[in-house]
Amino acid sequence: MSQAIVRKPRVDAVRNRERVLEAAKAVFSAGGPDASLEAVARRAGVGIGTLYRHFPTREALFEAVYRREAEQLGDLAEQLKDEPKPVDALRHWLRCNVEFVATKKGMSAALALAAQASPELRSYTFGRLTKAASVLLDRAVAAGQSFMVRAEAVSLTGHRFPAGFSQERTAYIELTVKDDNGVLVYQSGYQVDKPHPETGESAPDGNLDDEDLEHLHAVVNPGSPTSPYQPGPAGNGHTNQVYELGPDSGPDSRVFSGAPRGLVLFRNELTRIFLPGEKVGRKDAAGNDIVLDRPHFEEVFSASFANAVDNYRSLAPLRPTLYRYEIQLPAAEELQALGLKLKGPLHVHAQINFEHFPPLFMRFLTRTTGAEGPAGHDLGLLNEQSIDKFLVNIRNIASDDFTVDLVEAQ
Amino acid sequence: MTRLLLVLTLAAAGFGQTGAFQTTNPNYPARNPFYFEGKIDYEKLGIVSPANAWEYMQRGIHRQDDLDDVEGATADYRESVGLNSLGKGSCQLVTAAPAQDFGKLDPPPCLFTVRLRLGFLLLQGSPDEAVALFREVLRIDPHRLEVSSLIGEAYEASAARAQSDAERRRFNEQAVAAYRAELEMSPVTAETMALTGDEANNAHAHWALAGIYEKLGDSQSAGSEYDLYLKATKWHSDVYPWRIPLARKKIEQLRGSATH
C-alpha cells in the first residue's frame, strides 16, 4: 500500500511530462519558437509551475521535444525493418518523418541555439535518424526486391514550366540506375536511335534529338488530300494513331492510375474527348474503324484534333513537386541466367532535359506537307534532314545523383 | 530527405475557401463526359471539406501524390467510389452525347480515375477488389489503354497467393486473358507496320505473358511471347534493359528444353 502511494506521483509526473511534450510539439509547430509556454501548459492541462518543474528553460523543452521525436522515429524504423513489404515500410516511415520535420520547422530557430549549445544532441539525432534511414533503405534494395526513388522538381519561374500550349516545349526527367560496374538496371525518359523510313531516314542516323521518348507509340496520319482543305479531323481524315503505351508507360500511368512508374514529363497536354458515335481514328484487329459507344479520352498530337488541354502536367511555378519511381531489381535467378552479379552501391542519376518539339509532331508536319498530305503533292517544306537540323534538345538543365546500398537477399 | 519533406509541407499549405468561391473558380472545372478526369493542383481548388465524389477524388490524389499518404488516399477514394457508384445508381455510363450539357446529367457520369487509382492501391493487398474496379473502368471507357494489363497484374497477384495449384492455374489463365485483351487494344496491322515498322506492340504485355506461360509450363507459348517481346523492343528498348538479353537467354533455354 505504501509503495502504491509512493509510485502514484511518479506515474503522474511521467504522464504530465508526456502531455507537456505532446502539447509543446503542437504549439511550437503551429506558432513557432516564440509561442507562449502558457499556451503549452494550457494545452497540456497542467499548471505553468508543473511545466517549469520538468523543463526549467524554453531551450530544455525544445531539446526534449526534438529528442523524443527522433527517438520515436528511430524506434519506428526498428519496428518496421521486419515488415514483409519494405517499400510500404519505407513509405510509412517517411510519412512519420514528415511530422518530425514539421516539429523541427516550427522550432528551428530555437533548435539552432539548442543544438549549438549541445553537440551531443546534434550527433544523437543525426546518428539515430541516419541509422533508421539506412535500416529501411538497405532492406529495400536486395536483388529481386523493389525500391522507391523520389525525384523532386521545382520550376524557378514566374509561370508554369514549360509555358505555352501543347506538345511543343516538353521537359522531362531522365532517370537511370546503374550498379557500380555500370550495368544499367533501370532507365526512364530515354530515347533510342531508330529509322524513320516514312520521312526519309532509312537507317538509324546516330542522332537522338530526333527521336521520340519511349512512353507512347503513336503516329499522326495527315489523311487524304481534300480540296479545299478543311481544318479539323473530319476535314481531310487525318487520324491520331495512338497504338499503345511504350515500355516507359508514360505520364498517363501516373496521372490516372497513380502508379509510381512511367515517364515524368512537363508540358500542357493536348487531349481529345471523343463522344459516343465518333470514330477514334484507328482500326481494330479485324481492320474495322473503331466507332465508340462510350466517351473516350486520350492524348492527341494534332492541335486540330484536340478539344481539350490538360494544363496540370506542367510544373507549377516555385512549387516543388515530387515524383516517385518504384524500381524492381532483377531476381537472383534472372541475374544468374544473365551471368551477372550486381555490385553495390547502385548509382541513381536524374536530370531534366528539354525538347522544343516532340519529333512525332515534326514528322506529322512532314507528312502533312508531303506528297501524301492534303495538298496532294510535296510542298518541300520539311524532311528528315530539316528535322535533324531543327531538333536540338537542351539536356541536363538540372541534375542530381545519389547512391543506394545493395545488400545480399535474405 | 529534407527536400522531400519541405515539398510535402508546402503542398499541404494554401487551402482556400469553399462555397460561392467555387462558382467563379476557373480551376474548378465544369463537368465533361468524364466529370473531369485527371488531376488538378489541389491548392487551386479551395476544397476545405470534400462534398462530392469528384472532390473526394481530388483530395485523395493530393494525399497520395503530394503527401505520400496512402491510407488517407485510399479512404478518400473509397468515399468517392461510394458516392459515384454504378451499383447504387449514383453515377451513370454515358452512352450518347446528351442534348443538355454534361454538367446537368443526373446522376453524374461515372469516374474512371478514382477507380484506377483505388484499384492500383489495392492491387497487391486485395486483388479481387482491384479487378472489380478495373472492370468498371472498362465499362466507363472501354478503349482505355493499360487497364486490361492492370487486371492481368491483379490476377498475377492472386496467383502468387493462391492456396492450391488448381487455383493458381486458374488465376494465371485469367491473367493471360487480360493481357491478351490489352494486346487487342493496340493490334499490329498492315497500317501500323507501314507507319512504324514495328512488328510487335506492347513489350509490357508480351513480357508478362511469357513469364506466366512459363509458370503454366507452356514452353512453346512462352518462347513465342519472348520472341514478340524482342520484336516490340527492337527499336524501343525497355525501362529494364537487362530484360532484352534475358529474353534471348530464355528463348535459348526454352528451345533447349523442348528438344530434350
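## A tour of a two-chain model

Start by selecting A:N396, which is exposed, with 11 other C-beta atoms within 10 Å. Keep in mind as you click around that this is a predicted model. A:N396 sits in strand 14 of chain A, which covers residues 394-404. Check its backbone angles too: phi is positive, about 60°, although A:N396 is not a glycine. Why is that worth a stop? Because most residues other than glycine have a negative phi.

**Stop 1: the strand around it**

How many of its 11 residues are buried? The count is zero, so strand 14 is hardly covered. Strands 13 and 14 of chain A pair in the antiparallel sense, over eight bridges. To see one of these pairings, pick A:I352 and look across to strand 14, where its bridge partner is A:A398. While you look at strands, remember that in a regular strand the side chains alternate between the two faces of the sheet.

**Stop 2: a cis bond**

The peptide bond leading from A:G344 into A:P345 is cis, with omega near -5°. For background, most peptide bonds are trans.

**Stop 3**

One pairing to pick out is A:L270, whose bridge partner in strand 11 is A:V309.

**Stop 3: a helix with a buried face**

Select helix 2 of chain A, residues 37-44. Its buried residues are A:V40, A:A41 and A:A44. Look down the helix axis: these buried residues fall within an arc of 95°, so they line one face of helix 2 of chain A. Just past the end of helix 2 of chain A, click A:G45, which takes a positive phi of about 75°.

**Stop 5**

Try the distance tool on A:L76 and A:R319. They are 243 residues apart in sequence and 30 Å apart in space, C-alpha to C-alpha. A:L76 belongs to helix 4 (residues 58-80) of chain A. With 18 C-beta neighbours inside 10 Å, A:L76 counts as partly exposed.

Now zoom out to the whole of chain A. It has 12 helices and 14 strands, and 39% of its 410 residues count as buried. Of the contacts in chain A between residues at least 6 apart in sequence, 72% join residues at least 24 apart.

**Stop 4: where the chains meet**

Bring chain B into view. The contact takes 63 residues from chain A and 64 from chain B. Several helices of chain B supply at least two residues each to the side touching chain A, including helix 5 (113-122) and helix 12 (243-259). Which helix of chain B gives the most? Helix 1 does, with eight residues. Colour that side of chain B by class and you get 31 nonpolar, 18 polar and 15 charged residues.

**Stop 5: inside chain B**

Helix 3 (53-66) of chain B also contributes to that side. Helix 3 of chain B has 14 residues and reaches 19 Å from first C-alpha to last, close to the 20 Å expected at 1.5 Å a residue. Is helix 3 of chain B largely enclosed or largely open? 14 of its 14 residues are buried, so helix 3 of chain B is largely enclosed by the rest of the structure. Just after helix 3, B:D68 takes a positive phi of about 60°.

Move on to B:P107, in the loop between helix 4 (70-83) and helix 5 of chain B. A cis peptide bond joins B:D106 to B:P107, with omega about 0°.

Finish at B:N202, in the loop between helix 9 and helix 10 of chain B. Its phi is near 65°, a positive value in a residue other than glycine. Is B:N202 buried or exposed? B:N202 is buried, with 29 other C-beta atoms within 10 Å, whereas A:N396, where you began, is exposed.

Methods:
Residues numbered from 1 in each chain as written. Chains lettered and ligands numbered in written order. Predicted model: local features only at pLDDT ≥ 70, side-chain atom pairs only at ≥ 80, totals over all residues. Helix = DSSP H or I, 4+ residues; strand = E, 2+ residues; numbered from the N terminus. Buried ≥ 20, exposed ≤ 12 C-beta atoms within 10 Å, placed from the backbone. Contact = placed C-beta atoms within 7 Å. Nonpolar A, V, L, I, M, F, W, Y, C, P; charged D, E, K, R; others polar. Arc of directions from axis to C-beta. Expected span 1.5 Å × (residues − 1). Pairing = 2+ DSSP bridges.
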